[in-house]
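Hi there,

Here is the structure I promised to pass on to you.

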Amino acid sequence: MTWTFVSSKTSTVWELSFDNSLIIPELLEPTIDSEGRKVFDITFNHGEVEFLDGKITETWGLNVPYLAPTLRAERGDEVIVNIKNDVDEPTTLHWHGMILPAEMDGGPHQLIAPGQTWSPTWKINQPASTT
């Protein structure tokens, strides 16, 4: 069977307005522990954001009401990320595109219970990227 879309609309140019500013997450500066590792402390928390005028949306964020800070490390750096869960249900965090040991990668099999902290640690060993 073959499908043909002859009158499919493919462009929304001039039909959509982009009034909201792009949110650029702030850079989170690490501390350095006694083993020389870069330590990042982030916390899941509840927030509220007004994406549209007069409409408040409940959100989750990491250190901020929405999104998360930028973490910067270089090849060869040892990092530890302390991820505290201050929301009222289990949650998790996953490092998309990061090359690291599976047990440090997060995901649904590594839930962080409310009030708990998970502290994955690994050595950065990959070319520069955004994850």
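**A loop, a core and a buried asparagine**

Let's start with Leu67, which sits in the loop between β4 (55-62) and β5 (70-71). Please keep in mind as you read that this is a predicted model.

Now for the inside. The largest nonpolar core has 18 residues. Those with the most contacts inside this core are Ile42, Val81, Ile83, Leu93, Trp95 and Trp122. Which elements give two or more residues to the core? They are β3 (38-52) and β6. If you click on Trp95, look for its contacts beyond its neighbours within four places in sequence: Leu71, Val81, Ile83, Leu100, Met104, Asp105, Pro120 and Trp122.

With a relative accessible area of 0%, Asn85 is buried. What lies 2.9 Å from a polar atom of the Asn85 side chain? That is the backbone nitrogen of Val87. Leaving aside neighbours within four places in sequence, Asn85 is in contact with several residues, including Phe44, Pro90, Thr91 and Ile112. Ala113, Pro114, Gly115 and Gln116 are also among the contacts of Asn85.

Enjoy exploring, and write back with any questions!

Notes. Residues numbered from 1 in each chain as written. Predicted model: local features only at pLDDT ≥ 70, side-chain atom pairs only at ≥ 80, totals over all residues. Heavy atoms only, no water. Buried < 20%, exposed > 50% of the residue type's maximum accessible area, 1.4 Å probe, protein only. Polar contact = N/O pair within 3.5 Å; in protein donor to acceptor, adjacent residues only side chain to side chain. Contact = heavy atoms within 4.5 Å. Core = buried A, V, L, I, M, F, W, Y, C linked by side-chain atoms within 4.5 Å. Helix = DSSP H or I, 4+ residues; strand = E, 2+ residues; numbered from the N terminus.
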